[in-house]
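Take a look at the model below.

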Amino acid sequence: MTRKKRNQWRKWQASAAATLTVAALFQYVRTSDAFDVAYAAANGNDISSTASTQIDAQDDVMDEWTNHTDNSDASSNGGNSLDEGTTDGSKAIGPNQDRSSGGWIINQNSNQDTDSGYSRGNYQSRTGAS
Amino acid sequence: MSRTEQASRLLKFRFRAMNTDVEVQLAAGREEAEHAAALVKNWFETQEQRFSRFVADSELNRLNRYTGWMPISAAMDEVLSLAYGYIGQTEGIFQPGISQALRASGYDVSFEQLQQRGLPQSGIERQLDSRQSDITDMLRDEYDYSRPRWIQREGSRMVHKDPGTELDLGGIVKGWAVERIADLLQRTLHIPAGLINAGEDIQAWGTTLHPMWSVQVTDPYQEERNLIGNIQLRKGAIATSGVVRRQWQNRDGSLSHHLIDPRTMEPADTDVLQCTVLGQHTSQCEIIAKTVCILGSAEAVGWLNRHYDRHDVLWMTRDGSTYFRGNTDTLAERWPGFDLDHRFSLI
């Protein structure tokens, strides 16, 4: 009788341990980025948000871009416009490089503070079929 | 000057990239804003060189010419992965493997050049005829539009296209580029409020110290005119797609546009003129807007419901009606002023 009870206890222990292990494993998987991405993809939701979560740790895309701009001279500001109606010789810093900012034009809004070079933005934009 | 006023000041920059106007508004000091704007410009130029099908030596064109497994950049890997997911989400209506169909429909040069060209010339007619046969072959081969036409080897940045497949990533790259660089400005440069608008695909952010962003939706027929009503948001994404602006006349007098229906491999036959989507991610909004345009009103509502989509979607049809599907509880707050003919709640 005692032996039978001991066996039942061991079975229960084994069963409980297995259950806890599976639960712990599932918890690990559920909180992993890979699970998030797979879950989102399966549900057709916000793949990009989970993808960007993954990117947090190591952003290969931005690293690749930074390395590219380090090795090239492609970030000239020529042709940009900073909406102030004027161009100046002040400097802008491209990716890891100092560059001339000729061509920026600051927006000339009626309520801007021209001394500081700021324009008081109206927080407006437009969208339409492009 | 109050702290709120100081924090809410903006600098606004403009430049052209990806055959469109890019607008950057940043709440930052002048030096910091100029630095950030230079980064944004460089980012768009870099991605244009990588993803354009109108740049002969772009990575995309090299990929389209390549057979077998090809090593690709991290950016290409990420965009293809996103595209892979969106093909599933849109049940294949978003399909990058339509490059030949776009060319066959006449969109074989950048849209600016297309406009300058006017009506197709005789030489182009021959091109169109020969390319049409490629599309006919694709349809005859029981082209399965609902599956990706390429495979990626996980963790290796290697891609392999199906034979004969040419990819066009124009439907996703602009939104992806906007979203990615906006994320960098927020998280790395810590710019507290800003907006990136590339060809009317928008990512905006701000805090309670900043005013809400107000975005006007332009009239599909008259770019200079705004529709009555606007979109109010503190943080999020907006994208618009449509069939009116990028359309051209064929030699038989018919009109084509750039939104290809992969089920027919021809410009979509749709009642939707223009669709605007409000959400959190520009690329996702862009894909949804295009899908609604291609599907047309009736199918679009069914598709959005099947996927329990949570975005706010507004579209206009050829008969002048305005449709809305989304969160009707926040409709008046987020979309003030719009006069809607049909509205559908989220399910």
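B:Ser58 is partly exposed because 17 other C-beta atoms lie within 10 Å. For the scale, 20 or more such neighbours within 10 Å make a residue buried, 12 or fewer make it exposed, and anything in between counts as partly exposed, with C-beta atoms placed from the backbone. You'll find B:Ser58 in the loop between H2 and helix H3 (59-65) of chain B. Leaving out residues up to four places away in sequence, B:Ser58 touches B:Gln49, B:Arg50, B:Phe51 and B:Ser52; a contact means C-beta atoms, placed from the backbone, within 7 Å. B:Gln47 sits 11 residues from B:Ser58 in sequence, and their C-alpha atoms are 9.4 Å apart.

A word on the ground rules: this is a predicted model, where local features need pLDDT of at least 70, side-chain atom pairs count only at pLDDT 80 or more, and totals for chains, interfaces and linings use all residues. Residues are numbered from 1 along each chain as its sequence is written, while chains are lettered from A and ligands numbered from 1 in the order in which they are written.

Now zoom out to chain B. It has 11 helices and 18 strands; these are DSSP runs (helices H or I, at least four residues; strands E, at least two), numbered from the N terminus. Of its 347 residues, 50% are buried. Among contacts in chain B with a separation of 6 or more, 62% link residues 24 or more positions apart.

What about the inside? Beyond its neighbours within four places in sequence, B:Leu26 has contacts including B:Leu10, B:Ala33 and B:Ile191.

Finally, the sheets. Strands of a sheet pair through backbone hydrogen bonds, either parallel or antiparallel. Here two strands pair if DSSP finds at least two bridges between them.

| Strand pair | Bridges | Direction |
|---|---|---|
| E4(A) and E8(B), residues 213-218 | 4 bridges | parallel |
| E4(B) and E5(B), residues 158-161 | 4 bridges | antiparallel |

The parallel pair in the table belongs to an open sheet of 3 strands, ordered E4(A)-E8(B)-E9(B), with mixed pairing. In it, A:Gln124 stands opposite B:Ser214. Another open sheet of 3 strands runs E3-E5-E4 in chain B, with antiparallel pairing, and B:Ile151 stands opposite B:His160 in E5(B).

Methods:
Two residues are in contact if their C-beta atoms, placed from the backbone, lie within 7 Å.
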